[in-house]
Amino acid sequence: MKTIQTLIATCIFLFCISCSSDSDNGKLNAEPQGLCANVSGITGIYWEFAHSIPAPLAQVPVIKNPGGQFIHSLQPLIGFTYPKGFTAFEVTDAQTATLGVNLVRDDNMVVFRWIPNTQAAGQVSATSIIANEIDGVFAHYGFSGTPEVLCTTTANNTFEGISSQFTARLLRFDGITAQIWVRSTYAAGGTFSAISVTTAPTSEYETQVMDTFFPINFQLFVGRDGTFVDNDNDGVPANEDPDDNDPNIPNNTGG
């Protein structure tokens, strides 16, 4: 797999939408399907969205109050418009081929972290990686207690001889709701992972999902026709392709 040019499109954001003229991002056509019994409404839909379950949105969600544009210096595909009151920090580590972005609201209470590519030698479980990410979330908010675990998923898959592991957590702690997921693909003697972290105060979590998290997801992965882009034209959409810049890398779905 490539390093600098790799945008591991193992982001499992898969959804169906029907566009409307309604300007309200918060309009839904249905409730979640019940993948996690502990959550409903937008929180449940966003959890299912991370598991390749279509989000019943009434329209394409957009940033209502654009405040800036982020474009990664090494991978322009990691680029999006973000709301006012946020600051984007580029994430780059040549040793681990890590590319991504941390978008943080200026009061540090809302975080959108997207690392589409990071690599490690040997096989490193997604559960180990997500544990580190969760520790990072707790450190960011200065939390040292025990969170409420609302939803959890861990799934292993093998496709055309390529193994992968997907793991996700939905947590609440100290007035914060956090959704974290990791997908790791094991190939060529290494671990290739994608990481997503979205956090916000519980009282405004669903507002941030609709006004910040969903709109950025659309910008990153959805074409103008409302479907996923296929950058390498291999017939496999970005959300199912472990390297959407290389048509020779096989499909690897799961989660």
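Visitor: Is Cys-36 buried or exposed?

Guide: Cys-36 is buried, at 9% relative accessible area. Buried means under 20% relative accessible area, exposed over 50%, and partly exposed in between, with a 1.4 Å probe and protein chains only. Cys-151 is buried too, with a value of 3%. Keep in mind that this is a predicted model, where local features need pLDDT of at least 70, side-chain atom pairs count only at pLDDT 80 or more, and totals for chains, interfaces and linings use all residues. Residues are numbered from 1 along each chain as its sequence is written, and side-chain values use heavy atoms, leaving out hydrogens and water.

Visitor: How many disulfides does a search of the whole structure find?

Guide: A disulfide is a pair of cysteine sulfur atoms within 2.5 Å. The search finds 1 here: Cys-36 is joined to Cys-151, S to S 2.1 Å. Cys-36 lies in the segment before α1 and Cys-151 in strand β6 (residues 148-159), so the pair ties together parts 115 residues apart in sequence. Helices (H or I, at least four residues) and strands (E, at least two) are DSSP runs, numbered from the N terminus.

Visitor: Why is the disulfide of Cys-36 and Cys-151 called left-handed?

Guide: The torsion about its S-S bond is about -85 degrees, so the disulfide is left-handed.

Visitor: And how many aromatic pairs are there?

Guide: Rings of Phe, Tyr and Trp (its six-membered ring) pair if their centres lie within 6.5 Å; planes under 30 degrees apart are stacked, over 60 edge-to-face, and the rest tilted. The whole structure has 15 such pairs. Phe-49 sits in helix α1 (residues 41-49) and Phe-214 in helix α3 (residues 205-221), 165 residues apart.
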